[in-house]
Amino acid sequence: MKKIAVIGSGTMGNGIAHTLAQYGFDVSLIDLDNEALQRGLQTISLNLDKQIKKETITQTHKTATLSRISTYTDLKAGVTGATLVIEAVTESREVKLRLFRQLSDVCANDTILATNTSSIAITQIASVTKWPENVIGMHFMNPVPLMKLVEVIKGEKTSVKTIETIMQLARQLDKIPVEVNDSPGFVANRILMPMINEAIFTLYEGVSGVEEIDTVMKLGMAHPMGPLQLADFIGLDICLAIMQVLHDGFKTDKYLPCPLLIEMVNTNELGVKTGSGFYKYPPGSNDLVIARRFAR
């Protein structure tokens, strides 16, 4: 496996491309928007600079890493010659199904099609392709260059060869792959998202405030980041989308998203990406400023 295509140049897509290129793979980074591609490349460059500052890589390594990444706005051109395609677009079932139908038409019949979905059924995604045995989940954690875990999710028809190939690739990237079966939310988000949702309910019902809830979980449960701050970093729209997948998949009110989460998404308070969520994030500042949001 030499050339790998990554579709989507957002947070996860550029992180995956960064990691692949750093470990010697030629990467085609694909996005419909050329400006988004340039922002993605800029993010990769800045993150490589951070690694240089920490003395984990050199300037020579940065130059070599960036030289391995090519950008494309044309899907067919971007995936041509790739032995693996990793999809990292928005967490929308409709968008992913449409994309995988297209990939099935433009990729070679032995190309592995991986999705970075954090919740949507791999079997369903595979069902719209011509070769479901080649479809697999490869769920990286954010930030991709730093986080060790990769959830490797097998669909009902995913072949053993496909699973073994992706497990080996993850190890080549110095990640720790964990094989899981196809189920809404898989392991990571089936556990994480209800916890975040419950933290939002705790705020919504007036049990405690934002900082207090996060402090309890950081100091009492040794979490490096509180659930409300983590939700801001994930994106509240993503949290809501995953809760809706869980609710639709399991058909139980246990996974109903908190009304406050829905309200914040509707008012575009999505966390870091919009500058305001449970906390505020001033432009150009690394300081965390508590949002004026009170328990109700």
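Leu 219 and Gly 220 are exposed on one side of helix H9, where exposed means over 50% relative accessible area, buried under 20%, and partly exposed in between (1.4 Å probe, protein chains only). Helices (H or I, at least four residues) and strands (E, at least two) are DSSP runs, numbered from the N terminus. This is a predicted model: local features need pLDDT of at least 70, side-chain atom pairs count only at pLDDT 80 or more, and totals for chains, interfaces and linings use all residues. Residues are numbered from 1 along each chain as its sequence is written, and side-chain values use heavy atoms, with hydrogens and water left out.

Now the other side of H9. Val 210, Ile 213, Asp 214 and Met 217 are buried there. They lie on the same side of H9 because they cover an arc of only 95 degrees around the axis. That arc is taken from the directions from the helix axis to the C-beta atoms.

After H9 comes Ala 222, with a positive phi near 60 degrees. Ala 222 sits in the loop between helix H9 (210-221) and helix H10 (227-234). At 64% relative accessibility, Ala 222 counts as exposed.

Phe 186 also has a positive phi, near 55 degrees, and is not a glycine. Its loop runs between strand S8 (176-181) and helix H8 (188-204). Phe 186 counts as buried, at 4% relative accessibility.

From Asn 142 to Pro 143 the bond is cis, with omega near 0 degrees. Pro 143 belongs to the loop between strand S6 (135-140) and strand S7 (149-154). Most residues other than glycine have a negative phi, and most peptide bonds are trans.
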